[in-house]
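Below is a short note for a colleague who has not seen this structure before. Please keep the model open while going through the points.

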Amino acid sequence: MLNAAKCWNFLLIQFSYFLARINHKPNIKGLPLSISVEPTTSCNLRCPECISGLQAFTRFTGMLDIDFYRLKIDEWKKHLIYLTLYFQGEPYLHPQFFELVSYAKTKKIYTSTSTNGHFLDPEKAKATVCSGLHRLIISLDGISQESYEKYRIGGKLDRVLNGIENLVASKKALHSKTPYIILQFLVLRTNEKQIDAVKRLGKQLGVDEVKFKTAQLADYKNGNPLMPEQNKYSRYKKMPDGTYKIKSKYSNRCWRMWHAAVMSWDGQMLPCCFDKNAQHEMGNLKNQSLAEIWNNKSYTQFRTKLFSNRKSIDICQNCTEGLKVWT
């Protein structure tokens with residue numbers, strides 16, 4: 001996956017970020033190391049904290065055009081290390097999803113995606129392995145149908161569990177180490193008592209890893225019925241006046257603005273995955289190259305604001321990411 005050109009680009013990005021932390025000037029050298037591409041905004045579930053599930057998009061919705069995607073991969077292949085085929089929506093609903101994966105793999109790009117796990121019948125499980133996908137996150141937010149459907153509205157737990165079994169079986173049958181399967185458990189008040197049980201379930205199913213994720217809640221200031229009681233698994237802390245605030249400090253920096261970006265299905269280049277409704281479009285990749293957008297006026301102004309008043313940026317106000325490098 002790595003070569004001299006990608007390693008050099010990685011060093012340029014890291015040095016640029018380190019220097020920007022010192023002088024507060026967002027002069028970037030290099031191009032993104034990681035890009036999230038949105039295959040589709042469609043989803044089969046109706047999760048209450050997801051704009052796709054709520055069908056609450058204020059932007060256009062649709063499917064990624066595969067020819068446009070191939071052009072972008074060809075443009076990015078010299079510097080891109082990591083490709084996430086996911087933003088909003090369920091990626092397996094894209095009719096050419098496996099072609100999206102395999103094309104990036106032929107360009108020596110590491111590929112990852114996230115799914116609700118409802119489309120892993122034996123045929124698609126085998127196709128997933130054959131596509132060359134490197135990493136697959138499967139969301140499983142409850143180990144009983146009752147707890148699972150509290151959040152994954154419209155979902156069928158048995159179907160997801162069967163899908164995981166199909167995928168593990170396909171890996172064994174094809175003698176493949178990939179995809180690396182992560183069973184992701186979004187910790188909510190509805191399922192937080194199942195944490196130990198899901199660890200055991202992960203071992204029983206034969207997945208590579210079980211991960212626990214805290215929930216991003218749109219309405220949290222006065223509490224939320226989905227907020228877990230265990231403080232360890234909540235992004236928010238209770239204040240003396242009874243309201244809640246995000247645990248993360250609003251430090252004026254963000255590593256993601258230097259090394260990663262998001263492309264919506266229709267080519268909008270966005271600063272990060274928290275911009276779910278594309279309120280901060282930096283440019284459109286259908287009529288501009290990534291290099292032209294990456295250092296344009298809009299991006300420079302956005303990054304400059306991060307250094308002076310990050311908490312004033314709407315999409316940063318409920319964010320827990322981007323603070324882990326040179327803290």
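1. Basis of the note. This is a predicted model, in which local features need pLDDT of at least 70 and side-chain atom pairs count only at pLDDT 80 or more, while totals for chains, interfaces and linings use all residues. Residues are numbered from 1 along each chain as its sequence is written, and side-chain values use heavy atoms, with hydrogens and water left out.

2. Length of helix 1. Helices (H or I, at least four residues) and strands (E, at least two) are DSSP runs, numbered from the N terminus. Helix 1 covers residues 4-23. The expected span of a helix is 1.5 Å times one less than its number of residues. For the 20 residues of helix 1 that gives 28 Å, and the end C-alpha atoms are 28 Å apart, which agrees.

3. Sides of helix 1. Buried means under 20% relative accessible area, exposed over 50%, and partly exposed in between (1.4 Å probe, protein chains only). In helix 1 the buried residues are K6, N9, I13, S16, Y17 and A20. Viewed down the helix axis, the buried residues of helix 1 fall within an arc of 95°, so they line one face; the arc is that of the directions from the helix axis to the C-beta atoms. An α-helix has 3.6 residues a turn, so residues three or four places apart point the same way. Turned away from the buried side of helix 1 are the exposed residues A4, W8, F15 and I22.

4. At the N-terminal end, N3 caps helix 1, with a side-chain oxygen 3.2 Å from the backbone nitrogen of A5. A polar contact is a pair of N or O atoms within 3.5 Å; within protein, one must be able to donate a hydrogen and the other to accept it, and residues adjacent in sequence count only if both atoms are side-chain atoms. After helix 1 comes H24, with a positive phi near 60°.

5. Helix 7. Which residues of helix 7 (residues 195-205) are buried? They are I195, A197, V198, L201, G202 and L205. Down the axis of helix 7 these buried residues fall within an arc of 150°, so they line one face of the helix. The face of helix 7 turned away from its buried side carries the exposed residues R200, K203 and Q204. Helix 6 (157-173), strand 5 (180-187) and strand 6 pack against the buried residues of helix 7. Just after helix 7, G206 has a positive phi of about 90°.

6. The cavity. On a 1 Å grid over the protein atoms alone, a cavity is a set of points where a 1.4 Å probe fits but cannot get out; lining residues have an atom within 4 Å of a point. Grid points are joined across faces, edges and corners, and a volume is the space filled by probe spheres set on the points. The structure holds one cavity of 30 Å³ or more, and the largest cavity contains about 90 Å³ of space. Twelve residues line the largest cavity, and the closest to its centre are C254, M257, C272, C316 and C319. Helix 8 and helix 10 each supply at least two residues of this lining.

7. R235. This residue lies in the loop between strand 6 (209-214) and strand 7 (236-238). R235 is buried, with a relative accessible area of 8%. The side chains of R235 and T214 are joined by a polar contact of 2.9 Å. Not counting residues up to four places away in sequence, R235 touches residues including K245, F274, N318 and T320.

8. E292. In helix 9, E292 is partly exposed at 49% relative accessibility. Its side chain reaches the backbone nitrogen of S289 at 2.8 Å.

9. Backbone points to check. Most residues other than glycine have a negative phi, and most peptide bonds are trans. Q55, which is exposed with a relative accessible area of 58%, has a positive phi near 55°. A278 also has a positive phi, of about 55°, but A278 is buried, at 14%. A cis peptide bond joins T178 and P179, with omega about 0°; P179 is in the loop between helix 6 and strand 5.

Notes
Contact means heavy atoms within 4.5 Å. On a 1 Å grid over the protein atoms alone, a cavity is a set of points where a 1.4 Å probe fits but cannot get out, and a pocket is an open set with protein on both sides within 12 Å along at least five of seven lines; lining residues have an atom within 4 Å of a point.
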